[in-house]
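Hi,

Here is the structure I promised to pass on.

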Amino acid sequence: MKKLLIFITIFSLFTISVAFSEEYTATNALSYTITKSVDTADGPFMGLSVEGVWSDSRGNSGTIHCVGTRAKTLVAYCNSVDQDGDIQYNTATRVGTEGKGIFNGGTGKYENVTGGCSYQVAAFDKNTLIGLITLQCSDSLN
Amino acid sequence: MKNIIILLTIILMFTCKLVLAEDFSLTFANKYSMNGSVETPLGILKALTIKGVYTDSRGHKGVINCIATSGKNLDFVCDAKDEDGDMNYSSGRRVGNGGEAIFTGGTGKYANITSKCEYQIASFSKDILVGLITMQCSTN
């Protein structure tokens, strides 16, 4: 009986979690600037500034600004401002062309919103440092 | 009998057109640069260069390079190079947040291929001059 109660509790929590998380897709157009690069024993280590625009399948769009570093792994700290002026904070980690992002709340409708994304570099030009990013996300925004 | 033949011919031509027309979509990430402006009787006309990257629903991707003028409308001429090094040429006009473009052949797989497209600005920032463009095309 105890095991059944534990199972029902876990199942209920999982169901509630799925019900309250919303899945959507987004696309980013990004322009990268290399702020500084140093050579290290593991190869070049670069400072990055990234700015761009985005739109998502929920009908939101806006701008995104990030600062980060790139060595074998790219790590960036970003904020996205949508059409209502609401800000969403997120961090991104990428190896190669595949990455993951985590939402860390924000302002307005994004306050206390958690979730994350998987993302891919769909196209990138090393000469102009312009990239097209596709994302598949899930968050707790209602 | 003659009417039936005419009807069958029309149906056949319509079916062939549908079969040979290929619909596809593209997404662009573009960075815009202002290169100067002149005053005209119709207002200020700005010169632009546009550089970016794209992917399409047929599995191709590449870089795009355009020159444009922006006044009441935005008129542009572009070349794009895909992952195989094949070039395609396009031109078009944007009015407001949308516009029309036409692909007018190219090299390799794009030689003699023409397409008509409609496109929209999904997102654009005047401050950083970066745009996200979606386009729907039909090839005949």
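**What I found**

Chain A as a whole has a mean pLDDT of 90, with 85% of its residues at 70 or more.

Some ground rules. This is a predicted model, so local features need pLDDT of at least 70 and side-chain atom pairs count only at pLDDT 80 or more, while totals for chains, interfaces and linings use all residues. Residues are numbered from 1 along each chain as its sequence is written, and chains are lettered from A and ligands numbered from 1 in the order in which they are written.

What is chain A built from? It has one helix and eight strands, and from the N terminus on they run α-β-β-β-β-β-β-β-β. (Helices, H or I of at least four residues, and strands, E of at least two, are DSSP runs numbered from the N terminus.) Of its 142 residues, 31% count as buried, that is, with 20 or more other C-beta atoms within 10 Å of their own C-beta, placed from the backbone.

In chain B, eight strands form a closed barrel in the order 1-2-3-4-5-6-7-8, with antiparallel pairing; two strands pair if DSSP finds at least two bridges between them. As one example, strand 6 (residues 98–106) and strand 7 of chain B run antiparallel and are joined by seven bridges. Across that pair, B:Gly99 stands opposite B:Tyr119 of strand 7.

Now for where the chains meet. The contact takes 20 residues from chain A and 19 residues from chain B. On the chain B side, strand 2 gives the most, with five residues. That side divides into nine nonpolar, seven polar and three charged residues. (Ala, Val, Leu, Ile, Met, Phe, Trp, Tyr, Cys and Pro count as nonpolar, Asp, Glu, Lys and Arg as charged, and the others, Gly among them, as polar.)

Finally, the largest nonpolar core has 41 residues; such a core is a set of buried Ala, Val, Leu, Ile, Met, Phe, Trp, Tyr and Cys residues joined through C-beta atoms within 7 Å. A:Ala29 and B:Ala29 are among those with the most contacts inside it. Beyond four places in sequence, B:Ala29 touches residues including A:Ala29, A:Leu132 and B:Val53.

Cheers

Note on methods:
pLDDT is the predictor's confidence in each residue, from 0 to 100. Two residues are in contact if their C-beta atoms, placed from the backbone, lie within 7 Å. A residue is buried if 20 or more other C-beta atoms lie within 10 Å of its own, exposed if 12 or fewer, and partly exposed in between; C-beta atoms are placed from the backbone.
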